[in-house]
Amino acid sequence: MRFRNSRQCFPSCSSLHRVDQDRAYRRRKKSEEELQWPSSSAHVISQLAKCFTTAMVGSRAWIGGLFTRSNRRHERFIDYPLSILQEQRFQRLQDRILVPFDETRLDHQEALRSLWRISFPSVALTGLVSEQWKDMGWQGPNPSTDFRGCGFVSLENLLFFARTYPVSFRRLLLKQRGDRAKWEYPFAVAGINISFMLIQMLDLHADPKPKCVPGMNFLKLLEEDEKAFDVLYCIAFAMMDAQWLAMHASYMEFNDVLQATRNQLERELSLDDIHRIQDLPAYNLLFQ
C-alpha cells in the first residue's frame, strides 16, 4: 500500500499522547478506509517503537499528567504500620527500581543476551548493537537507549516473565492469539511502559511507604511473596494484551489500553479477598 498523506496516517509522538476516546471511536468508524503505508514495513515498525519509547522517556510532563489523574482518587491518606518484613522487602524493591541500566556492566550485558536467547533460541544474536533487536520491539539497534525512563528493573521484569511463564511470554511476544491489529504494539517497549506504570500506580518511590490504596494493598502481597512485583508485572502484561484485543486497538490507542489496564489492576488490588498475588483474578490470564 501507499500513503495518501503520510502525516495523516502516521502521527507525531506528541499527537499520540492526546488521543481520547472520541477520537479513537471516530478512528475505528473509519477503519474501512484504505490506509496507505510506506513500502518499508520495517521502517514503520521502527517509528512505532520510537513513538512508544518517547511517550515514556521523552515527555515526563505527559507521563505525570496521565498517571496523576488516576492518583487523585487516593488523595486521602490514612497512616498504617508496616511489619519488619514489609519494610525490608519494600526497601529492597525501592533499591531495585533506582538502578539504571548500564551498558558497560557485564551483568547487564549478559541479562540482555539472556533475554534474546530465551526469546529466539534458534537465532544467534550478532551483537548487543544489532538490527535484530527491532524484531523484539526495541526502538532501534541498541536496546540500552530504551531504558532511560525505567532502568534495569524493566529488563529484570522481562527476564522474569520469560523464565517464569515462558508459554505466556512467547504468546505475547509473537502475538500468537486473537484478532490482531495490522500494526501491533512493539513488545519490548510496551514492557518498559508497563514497568513504569506499575511503579507509578503502586507509589513505589514514596518515602517511607506508599500512600495510595493499590500500593498499601500491594505491600501485603509483598509480605507473602518477595517476587510479588515481578509476578504483578507478568499479570499486567497479559492483562494489557487482553485489553488490547478486547478494545480492537491499534497503536494509536496504546495509551488508552495502558490506562484501562491500570484501572483494572487497581480494582483487583482493592478486593477484600486478595491475600496472595495469585489471588488476583487476572492471574489466570497467564495460563490461557
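Let's start with a charge over a ring: Lys 209 lies over the face of Tyr 80, at 4.7 Å from the ring centre. To count, NZ of Lys or CZ of Arg has to be within 6 Å of the ring centre and within 35 degrees of the ring normal. Lys 175 does this too, over the face of Tyr 185. Here's the pair of them:

| Charge | Ring | Distance from ring centre |
|---|---|---|
| Lys 209 | Tyr 80 | 4.7 Å |
| Lys 175 | Tyr 185 | 4.3 Å |

Before going on, a word on what you're looking at: the model is predicted, with local features needing pLDDT of at least 70 and side-chain atom pairs pLDDT 80 or more, while totals for chains, interfaces and linings use all residues. Residues are numbered from 1 along each chain as its sequence is written, and side-chain values use heavy atoms, leaving out hydrogens and water.

Now the aromatics. There are 18 aromatic pairs in the structure, a pair being rings of Phe, Tyr and Trp (its six-membered ring) with centres within 6.5 Å; planes under 30 degrees apart are stacked, over 60 edge-to-face and the rest tilted. Tyr 185 and Trp 244 have ring centres 5.0 Å apart and planes at 80°, so they're edge-to-face. Tyr 185 sits in the loop between helix 9 (166-173) and helix 10 (187-201) while Trp 244 is in helix 12, so the pair ties together parts 59 residues apart in sequence. Helices here are DSSP runs (H or I, at least four residues), numbered from the N terminus. Tyr 185 is buried at 2% relative accessible area, and Trp 244 is buried at 1%. Buried means under 20%, exposed over 50% and partly exposed in between, with a 1.4 Å probe and protein chains only. Elsewhere, Phe 161, Phe 169, Phe 187, Tyr 233 and Phe 237 form one aromatic cluster.

Last stop, the backbone. Most residues other than glycine have a negative phi, and most peptide bonds are trans. The bond from Asp 207 to Pro 208 is cis, with omega near 10°, and Pro 208 is in the loop between helix 10 and helix 11 (213-224). Asp 203 is in the loop between helix 10 and helix 11 as well; although not a glycine, Asp 203 has a positive phi of about 60°. Asp 203 is partly exposed, at 24% relative accessible area. His 248, in the loop between helix 12 and helix 13 (254-269), has a positive phi of about 50° and is exposed, at 57%.

Conventions: Helices (H or I, at least four residues) and strands (E, at least two) are DSSP runs, numbered from the N terminus.
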